[in-house]
Amino acid sequence: MPRTARDVVFVDGVRTPFGKSGKGLYAETRADDLIVRVIRELMRRNPGLPPERVDEVAIAATTQIGDQGLTIGRSAAILAGLPRSVPGYAIDRMCAGALTAVTTSGAGISFGAYDVAIAGGVEHMGRHPMGEGVDPNPRFLSEKLVDPDALVMGNTAENLHDRFPSITKERADAYAVRSQEKVAKAYADGNLQPDLVEVLVRSIEEGYGLATEDEPPRPGTTMESLAGLKTPFRSHGNVTPGNAAGLNDGATGAIMAAEDVAEEMGLKGRMRLVDFSFAGVEPEVMGVGPVPATEKLFARQGISIDDVGLIEINEAFAVQVLAFLEHFGIADDDARVNPWGGAIALGHPLASSGVRLMMQLARQFEQRPDVRYGLTTMCVGMGMGGTVLWENTNYEGGK
Amino acid sequence: MSTAIEQAQELFSDEVVTKANSRDIQLPYGAGTAILITLDNGHDHNKPNTFGPGGLLSLDAAIEAAKARTDISAVAITGKPFIFAVGADLTGVPRIETHEQAMAIGKLGHDVFRKLGELDVPTFALVNGAAMGGGLEVALHCTYRTVSSGVPAVSLPEAFLGLVPGWGGTYLLPNLIGAEKALKLIIENPLAQNKVIKGPKVHELGIADEIFEPADFVEESLRWAAKVVQGRITVERPEVDKGEAWDNAVNMARFSVEGKLHGAAPAPARAVELVAEAKNRSRDEGFAAEDQALADLIMSEELKAGLYAFDLVQKRAKRPAGAPDKSLARKITKVGVVGAGLMAGQLALLFARRLDVPVVLNDLDQESLDKGVSYVHGEVDKLLGKGRINQDKANHLKALVTGSLSKDAFADADFVIEAVFEKMEIKQKVFSEVEAVVSSDAILATNTSSLSVTEMASKLKHPERVVGFHFFNPVAVLPLLEIVRGEKTDDTALATAFTAAKKLKKTAVLCKDAPAFVVNRLLTLFMGEVLGAVSEGTEPEVADRAVAPLGLPMSPLMLLQLVGPAVALHVSETLNAAFPERFAVSPELDKIVEAGKNEIFASDLSIDPEVKELLSGGDKPSEEKEILDRALRAMAREIRIMLDEGVVAEAADIDLCLIAGAGWPFHTGGITPYLDKVGVSEAVNGEPFHQGAPQAL
């Protein structure tokens, strides 16, 4: 039976404020409660979407244990009060979990298997530290399949500095300072708040509180304040807590839909999924992953970086962003890149970050009808990159 | 005042303090800063928040801190997960010695709570979980309330225990939702087995202004609160009718309380009067009247008895005295029920539902068997019809309960209970037949109401496996299970019985193998005194009314009708045989049974003329007071004898049996606190049953 691919749109995104892991905002709040709040808010903000029309709930978590286990997509759907008829599943591609939830459900929509899906991610790195419960096969080391550094993300970032000697600690710090500045400005301009949903946070000692803003940003960060930070992964190294994303807790979610179905429901598709691509690299330099992933996508689409007006790249480490920019010949402070700052300031709750990039890109598209294409891209642990190309549905340049 | 608080704190020295933790939050939509107070005692939901003096002072500090702020736009108060607050901490109440101390407790609650209604900014109670008594009153003092649709229990249980909702409840609630609805919570529900209402009903009654789903209840409540603060939402409440409707509701409540209690317990009547006056009183007057009522009631014997009874059913019932270690219990994987009559059917349904194992009914003829099985299946369908279970569960339960004419079907059962005719030879024969097919370690239980368990086991190869397992009719309603240890019953059989009782959600009390055990022995004695008075010439109506001052759930003759004259006669014969000097067989009862009368009362609740004819005779009528006195004296004497015989471990077990097996009221504490209070124990036995306040544990 002949089949026509359908256009897929990103309708809306919502996220919890991100918290610092450990003693932060969500220290006593469950991970599943975070994603449940996100899903409920998505449904609340889009009353045109009948709950029973949600065909899938794809929720990513890197560490699928405890409150992030139990097939989080399905259990979150039930906890969120979606009809029992709505299925769900859990998904894992480490940092690119939510991004993969979007591409996978988006592909299913395009294929015609779904009309509407909720895609998102959650990571509570305080309750579930990276690597909790992992049991790497000894063959990884005995057969030298991966370098021992591959499992320690900070080490992979140091390795990247080795591969790109031109990317110095100073450049990384300068990038980090700009990320903080851009986030502070975006907050002041009210650009980030619309996608946040406030979350009740529990504390037995202090009582309940309400999380209304991201906790990780450090406004006022300067080169001087970063200069003295320790380099925990290597003696006299380059990677510091200041030029890397922290350990964070948070959840994100998005409504993905076939464009015609969205229209029928009166939902506005804010950007159109054009293509996506994943690629693998040596795990010990996982940060370079976005480069081949993006090149692969460009080659298939026959476009170049010049056709892209906005880039939301995850800032796991400044060096990894700079490696991407250097490859594509983009200046460190190019205005197209993370205009509202990134994970170095906002935080990076692993599997949830991909959808944060998308919701910010979608908002930027609304403000920039002159831009047609935008990228969301991120590096992924175990040596991968993932890139999604989006088209601005507000684009007016063609008229 | 401060000394009164200090004194109160001393009385509640072991208080688990519910702290009022305050945090600043930013309200949505730019509605400003609010203070969110969380009530949390630091334990999980199994130990709910309560208010003792320490908790009240913590809340007071939180409210005072809020009062001092000029930069806030609202105060909200909520509870820890699943629990808002379940009322006053009552542990210290029995230690209160003076009216002044009692007054101080009442006043302290008012002084703190009322501030929630008197701040310069609006206050919001976000009722996220169970809210009872003082917990609900905290919410009532707030300007606005939201409730979670998932809240399982909201109530004002004070009248049930022997108090009034006196921290604002009797004043604020009727003025919020009208007297009729308020009295439902204040009187009607507490006197109906302490019924509770759920979140949606709280909203429907107008107690809560808005309702939100539990998943993000507090967040959504705060969004709503923000809109109220900003004036974007105006809360409209129906006007309360302070005219005839109010007075009618109060009169109805008065009538119902009098009808149920006959003046036996002061608290409900006091609560009704507080509601009656609430429409005309100012806040100060209303709260002062509540203080006075609380102080009076805290000092009452009825409250002490009520708290004791509460502890009996809440605590003692969970740790039955004398139960062997549960590790000795045998696992039950299949149950046999000998008999297929009404009792057997009720047991089969209960075992299937609670143990989730196959249950085989056994009877002599196919017709009785089919009737028994179809009774159970019919009950399952009723549960299905009421939505208590779904179709799958109904299918499963029906499949679990089957019938067999042959006892061979018991071969792999580990627990077989007999519910056949109350005749020793029949029961012995049944047990022998069962023993012939079951494994050597299967437990054999008897639901006998009065026969000797020891004798019943005596003909068996393994008498150690026999245990008494005596339910009360109706099984689904009365929680008591008398577990009877025969002379040879071993700990394994006993432990298995107790473990099964717990799974069956029954209140188990260990009894010695004494005639008619506890409840039937005492009820038969009690009824015997009433019938004795009739026999001597007292009008049956007068004799029946004589014990009304106890406030029992039903009169003796009504109970006789419920139990069935034949059963009652049988038990009295057993007891008469055992203790002829104390238990007579009423010739009138004998005549009623002989005449085949099952009903004592006609449909208009007057005594059936034929029965009345049978009950006439004698020429020495007694006064009501004399009858009550002789009944109480007989009880005091018999309970003393039972304790001396070791029928149960303590007087508390007697009381627990009467409450759980006969529905005797909390305000009498079962019966022994009442016997002590009226001085009968001392007069009959030379000493009270309890030294000081009765202790449940």
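**View 1. A bridge between two threonines in chain A.** Thr377(A) has Thr387(A) of strand E12(A) as its bridge partner. The model shown in this and every other view is predicted. Strand E11 of chain A, residues 373-380, pairs with E12(A) in the antiparallel sense. Eight bridges join E11(A) and E12(A). The two strands form a hairpin with three residues between them. In that hairpin, Met382(A) takes a positive phi near 70 degrees.

View 2. E12(A) covers residues 384-392. Is E12(A) mostly covered or mostly exposed? Mostly covered: eight of its nine residues are buried. Strand E9 of chain A, residues 271-280, also runs antiparallel to E12(A), over nine bridges. One pair to look for is Asp275(A) with its bridge partner Leu389(A), the latter in E12(A).

**View 3. Helix H1 of chain A.** H1(A) runs over residues 31-45. Its 15 residues, at 1.5 Å a residue, should span 21 Å. The end C-alpha atoms lie 22 Å apart, which agrees with that expectation. H1(A) is mostly covered, with 13 of its 15 residues buried.

**View 4. The contact between chains B and A.** How many residues does each chain give to the contact? Chain B gives 18 residues and chain A gives 16. The largest share comes from E1(B), with five residues. By residue class, the chain B side divides into seven nonpolar, six polar and five charged.

**View 5. The fold of chain B as background.** Chain B holds 29 helices and 17 strands. Its C-alpha trace spans about 85 × 60 × 45 Å along the principal axes. What radius of gyration would a compact globule of 697 residues have? The value would be near 26 Å; chain B has 28 Å, which agrees. Of the 697 residues in chain B, 53% count as buried. Take the contacts in chain B between residues at least 6 apart in sequence: 75% of them join residues at least 24 apart.

Technical notes:
Residues are numbered from 1 along each chain as its sequence is written. Chains are lettered from A and ligands numbered from 1 in the order in which they are written. This is a predicted model: local features need pLDDT of at least 70, side-chain atom pairs count only at pLDDT 80 or more; totals for chains, interfaces and linings use all residues. Helices (H or I, at least four residues) and strands (E, at least two) are DSSP runs, numbered from the N terminus. The radius of gyration is taken over C-alpha atoms; the globule rule is 2.2 Å times the number of residues to the power 0.38. A residue is buried if 20 or more other C-beta atoms lie within 10 Å of its own, exposed if 12 or fewer, and partly exposed in between; C-beta atoms are placed from the backbone. Two residues are in contact if their C-beta atoms, placed from the backbone, lie within 7 Å. Ala, Val, Leu, Ile, Met, Phe, Trp, Tyr, Cys and Pro count as nonpolar, Asp, Glu, Lys and Arg as charged, and the others, Gly among them, as polar. The expected span of a helix is 1.5 Å times one less than its number of residues. Two strands pair if DSSP finds at least two bridges between them.
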